[in-house]
Protein chains: 2
Amino acid sequence: MQRTEIATLGEFGLIDHLTKDIKLSQESSIKGVGDDAAVVDNGAKRTLVTTDLLLEGIHFDLVYTPLKHLGYKAAVINFSDIYAMNGKPQQITVSLGISKRFSVEDLEEFYGGLRLACEIYGVDIIGGDTTSSLTGFTISITCIGTAEEEKIVYRNGAKNTDLIYVSGDLGAAYMGLQLLEREKTVFDGDKDFQPDFAGKEYLLERQLKPEARKDIVNLLAEHGIVPTSMIDVSDGVSSDLLHVCTQSNAGCQLFEERIPIDYQTAVMAETFNMNVTTVALNGGEDYELLFTVPLHLHEKMNQLEGIRLVGHITPPEQGCYLVTRDGQEMQLRAQGWNPLADK
Amino acid sequence: MQRTEIATLGEFGLIDHLTKDIKLSQESSIKGVGDDAAVVDNGAKRTLVTTDLLLEGIHFDLVYTPLKHLGYKAAVINFSDIYAMNGKPQQITVSLGISKRFSVEDLEEFYGGLRLACEIYGVDIIGGDTTSSLTGFTISITCIGTAEEEKIVYRNGAKNTDLIYVSGDLGAAYMGLQLLEREKTVFDGDKDFQPDFAGKEYLLERQLKPEARKDIVNLLAEHGIVPTSMIDVSDGVSSDLLHVCTQSNAGCQLFEERIPIDYQTAVMAETFNMNVTTVALNGGEDYELLFTVPLHLHEKMNQLEGIRLVGHITPPEQGCYLVTRDGQEMQLRAQGWNPLADK
């Protein structure tokens, strides 16, 4: 039998390959594979469904990840997918695979974080499955949300001349991860080692306890703005913007000088001798919202806080480019964090 | 810090412990943790949600489980949970954690099974997440279903004098597992070993490629019967009937002589020197439906094929008992398969 190594396809290639000819047969299945969440029609409102699988050693390292933070993050990254559809998360189911080294108190910690996130975002835990695991800690969360039919924002609606916005700032979560990984290496073998994270709290928080941009979704709603396309920045802006362009059959220009970067991110990138633009474009795990709006809303958008105009949509034949500070055009590539690549 | 070993609580104890004071805050959250599926109100119909996490080495052994069968089973056991609410499965999301030893063809096999099950049961695959795993194959499936509000059947509605029915027969899946485990041991070290499964196909099929009882749900609907309580038999009838009794605040009498057992199951139990009643009560993975109906429906129920009257509900103070062939009463205990117990 033929054997194709999974690495030859990559995550998106593999999902594409496995799901490309899956047909939807249920009248209530409005949108299937290929967006932040699926869409189900149940009469009045639309139901949104999204799911995330987090595996120890791949998505998190328990050496420096407090279980409470992990619970919080595991919930929030699912909420983020629902917000990215312009929806409202409402319920989650939580499945856990736990190994013997976990105590009940450990799981209480994890659930504490989960529940805190649910409280803050107004979401219910409605079910799940708990089982033992022979190996690492396994977390699978599915989030159900709702949205009015005409308010749902997909990845495929960006039109030529639309403006591209991003919320918050980018790259900080990735720098937080680098910092934790460095301290872990230093820490190795010294039980009393106390890492000094003073002045770097923002980076750590972005990595360990991210927030979903409910506020941005609310802000847009208050101003009557429905984006033409939206995605949450989980794999890195390069990769995520390319998703929008591919699905919208569009090109884009992204301006390097406009990419929002926090001061701490810039300082840490320099310390690590990394290009801060590369970090911001490809770091991932920002859980910010990237969205497009029609050009005529420019004035209105200017008055909103917490978002930044970073570029515009172009015709598909013009391709997807980063316009650097010195005016060069570099093709955007999805270098985002790929959980199926060789480690 | 205090450390409580998880084994001291067991699966249900742990879930209880972690979820006992979780409150539902969303108006649309009708039913949370504690049934086969959660219930969400979205206007017209109710949305049902259920999720299952399957881990290699805990829930399946790839030495004797064909990936296509595994995909089929992983989907079907979720459908079974929706049917156990008297609902109709409509969509699933599929999250997979895959290790490097898997090829694309392996995953095609798995998806082939998944898709076959979805085709047969009329369910759409609407999303998911695929990531690499450092260790075993990880499968997390969430199923969304619908039901009319007044037709949903919970575990907590059994009333004194209700009749207890079970569909199909019990214990065969467990005997199939024993058979596969035995052949695996024999097989060990002999690459050309061909196990002889002639005459035991039913047991293997029940273990490797179970079906959900859509037909029974439809049969009851055709005859206008809405059970007072229902559960799918996944942990074994003892354990599952006790769930119904606990949640309904009821006792029960289950008659040993009425427990439906297939001929192959009985023969294989004898071969393995096992008590066939114990196998049928505690084997698990039958994915049959156990349900209760009011006593006055007795005549009507008698005309239905594929189900068997196995006992009746009693007042709670009378406890839960198995009435043996010789008239003894033995207290029912949840000896079902516990994925959190020591292996």
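Rings of Phe, Tyr and Trp (its six-membered ring) pair if their centres lie within 6.5 Å. In this predicted model, that rule gives a count of 13 aromatic pairs over all chains. One of them joins A:Phe102 and A:Phe137, a tilted pair with 4.6 Å from centre to centre and 35° between the planes. The two residues come from distant parts of the chain, 35 residues apart: A:Phe102 sits in the loop between strand E4 (88-98) and helix H3 (104-121) of chain A, and A:Phe137 in the loop between strand E5 (124-132) and strand E6 (138-147) of chain A. Both A:Phe102 and A:Phe137 are buried.

From the rings we turn to the strands. In chain B, strand E11 (residues 307-314) is joined to strand E7 (residues 163-167) by five bridges, and the two run antiparallel. In this pairing, B:Leu163 stands opposite B:His312 of E11(B). E11(B) is also joined to strand E9 (residues 251-255) of chain B, here by four bridges, and this pairing is antiparallel as well. Across it, B:Leu254 stands opposite B:Gly311 of E11(B).

Another strand of chain B, E4 (residues 88-98), contains B:Thr93. With a relative accessibility of 2%, B:Thr93 counts as buried, because the cut-off for buried is under 20%. Which residues does B:Thr93 touch, leaving aside those up to four places away in sequence? In chain A they are A:Val49, A:Thr51 and A:Thr142, and in chain B they are B:Ile126, B:Gly127, B:Gly128, B:Ser140, B:Ile141 and B:Thr142. For B:Ile126, which is 33 residues from B:Thr93 along the chain, the C-alpha atoms of the two are separated by 5.6 Å.

Helix H7 (residues 237-248) of chain B can be checked for its length. Its twelve residues, at 1.5 Å a residue, should span 16 Å, and the end C-alpha atoms are 16 Å apart, which agrees. The helix is mostly covered, with ten of its twelve residues buried. Just after H7(B), B:Asn249 takes a positive phi of about 50°.

In chain A, strand E8 (residues 229-233) holds A:Asp232. An unreviewed UniProt entry carries the annotation "binding site", which covers A:Asp36, A:Asp81 and A:Asp232. A:Asp232 counts as buried at 2% relative accessibility. Its side chain makes a polar contact of 2.7 Å with the side chain of A:Ser80. A:Ile231 lies in strand E8 of chain A too, and at 0% relative accessibility A:Ile231 also counts as buried. The C-alpha atoms of A:Ile231 and A:Val153 are separated by 8.7 Å, although the residues are 78 apart along the chain.

Conventions:
Residues are numbered from 1 along each chain as its sequence is written. Chains are lettered from A and ligands numbered from 1 in the order in which they are written. This is a predicted model: local features need pLDDT of at least 70, side-chain atom pairs count only at pLDDT 80 or more; totals for chains, interfaces and linings use all residues. Side-chain values use heavy atoms; hydrogens and water are left out. Two strands pair if DSSP finds at least two bridges between them. Buried means under 20% relative accessible area, exposed over 50%, partly exposed in between (1.4 Å probe, protein chains only). Contact means heavy atoms within 4.5 Å. UniProt positions are given in the numbering used here, feature names are shortened, and annotations may be inferred rather than shown by experiment. A polar contact is a pair of N or O atoms within 3.5 Å; within protein, one must be able to donate a hydrogen and the other to accept it, and residues adjacent in sequence count only if both atoms are side-chain atoms. The expected span of a helix is 1.5 Å times one less than its number of residues. Rings of Phe, Tyr and Trp (its six-membered ring) pair if their centres lie within 6.5 Å; planes under 30 degrees apart count as stacked, over 60 as edge-to-face and the rest as tilted.
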